[in-house]
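Here is a walk through one protein chain, from a single residue out to the whole and back. Keep the view open as you read.

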Amino acid sequence: AIGVLYVFDQIPRQLQKEQAEALSVLSRQVINQLEARRDLLTLRRIGIARQQVESEIRFQAHLLDAVQQAVIATDLDGKITYWNRFAATLYGWSAAEVVGRSILEVTPAQISQEQAAQIMSSLQAGESWSGEFLVQRQDGTTFPAWVTDSPIHNEKGELIGIIGVSCDLSDRQQAERLLQE
């Protein structure tokens, strides 16, 4: 029950059957209107909450695109599920070109394929990996990258994917060579 409908009259009297039925119909209509209003308010709150969640997701996606490092996520099979804007700049592939493809086909240089497979096996076992790694761009040019890969777990602690962050070490290595000369 939502509430009680009170009817006040200046003179106390006994209601006739038709009057009682009319009040009963009126009370059902009022209840229906109140329930509809409550449902509408609930839907508005849900809509506002959904907009807030969507806004938060968009903000987080913008954060990942603002990072000046490649951020790449894969499922456990190594299929790319996320490729940020800087990954596109660094590797030369757009997200549309790589999402759904195997990370092993896209980023490791040919010479690094065996090491890449070993790293993927460790990641699939839930281990993190970090280190220098030779990668390649879409045009086939290679460069040294610092890569940090970590497993992704869901709220139940189950391993559901892998996230990697990489940056180009070419400038740093060139500066180190110049300092050594």
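Find helix H4, which holds Leu 104. The model shown is a predicted one. Is Leu 104 exposed or partly exposed? Its relative accessible area is 28%. Buried would need under 20% and exposed over 50%, so Leu 104 counts as partly exposed. Look next at what surrounds this residue. Beyond its neighbours within four places in sequence, Leu 104 is in contact with Gln 113, Ala 116 and Ala 117. Trp 93 is 11 residues from Leu 104 in sequence, and their C-alpha atoms are 14 Å apart in space.

Now step to the loop between helix H3 (95-98) and H4, where Val 99 is found. Val 99 has 43% relative accessibility, so this residue is partly exposed. Which residues does Val 99 contact, leaving aside its neighbours within four places in sequence? They are Ile 80 and Thr 81. Ala 73 is 26 residues away from Val 99 along the chain, yet 9.4 Å separates the two C-alpha atoms.

Zoom out to the whole chain. The protein chain has six helices and five strands. Read from the N terminus, their order is α-β-β-α-α-α-α-β-β-β-α. The C-alpha atoms fill a box of roughly 110 × 30 × 25 Å along the principal axes. The radius of gyration is 31 Å, whereas a compact globule of 181 residues would have one near 16 Å.

Helix H1 takes in residues 17-66, and Gln 52 has its place there. Gln 52 is exposed, because its relative accessible area is 54% and the cut-off is over 50%. Thr 81 lies 29 residues from Gln 52 along the chain, with 24 Å between their C-alpha atoms.

Next, go inside. In soluble globular proteins, nonpolar side chains tend to be buried together. The largest nonpolar core in this chain has 22 residues. Which of them touch the most other members? They are Ile 72, Ile 80, Trp 83 and Tyr 91. Several elements give two or more residues to this core, among them strand E1 (70-74), strand E2 (80-83) and helix H2 (85-91).

Take Tyr 91 and follow its contacts. Neighbours within four places in sequence are left aside here. Among its contacts are Ala 70, Ile 72 and Trp 83. Others include Thr 107, Val 135 and Phe 143. Ser 166 is in contact with Tyr 91 too.

Then move to the loop between E4 and strand E5 (159-168), where Glu 155 lies. Is Glu 155 buried or exposed? With 76% relative accessibility, Glu 155 counts as exposed. Asp 75 and Glu 155 are 80 residues apart in sequence, and their C-alpha atoms are 16 Å apart in space.

Finish with the chain as a whole. Of its 181 residues, 24% are buried. The chain carries 16 positive and 23 negative charges, and the mean positions of the two sets are 14 Å apart. Among contacts with a separation of 6 or more, 39% join residues 24 or more positions apart.

Key:
Residues are numbered from 1 along each chain as its sequence is written. This is a predicted model: local features need pLDDT of at least 70, side-chain atom pairs count only at pLDDT 80 or more; totals for chains, interfaces and linings use all residues. Side-chain values use heavy atoms; hydrogens and water are left out. Helices (H or I, at least four residues) and strands (E, at least two) are DSSP runs, numbered from the N terminus. The radius of gyration is taken over C-alpha atoms; the globule rule is 2.2 Å times the number of residues to the power 0.38. Buried means under 20% relative accessible area, exposed over 50%, partly exposed in between (1.4 Å probe, protein chains only). Contact means heavy atoms within 4.5 Å. Lys and Arg count as positive and Asp and Glu as negative; His and the chain ends are not counted. The place of a charge is taken as NZ of Lys, CZ of Arg, CG of Asp or CD of Glu. A nonpolar core is a set of buried Ala, Val, Leu, Ile, Met, Phe, Trp, Tyr and Cys residues joined through side-chain atoms within 4.5 Å.
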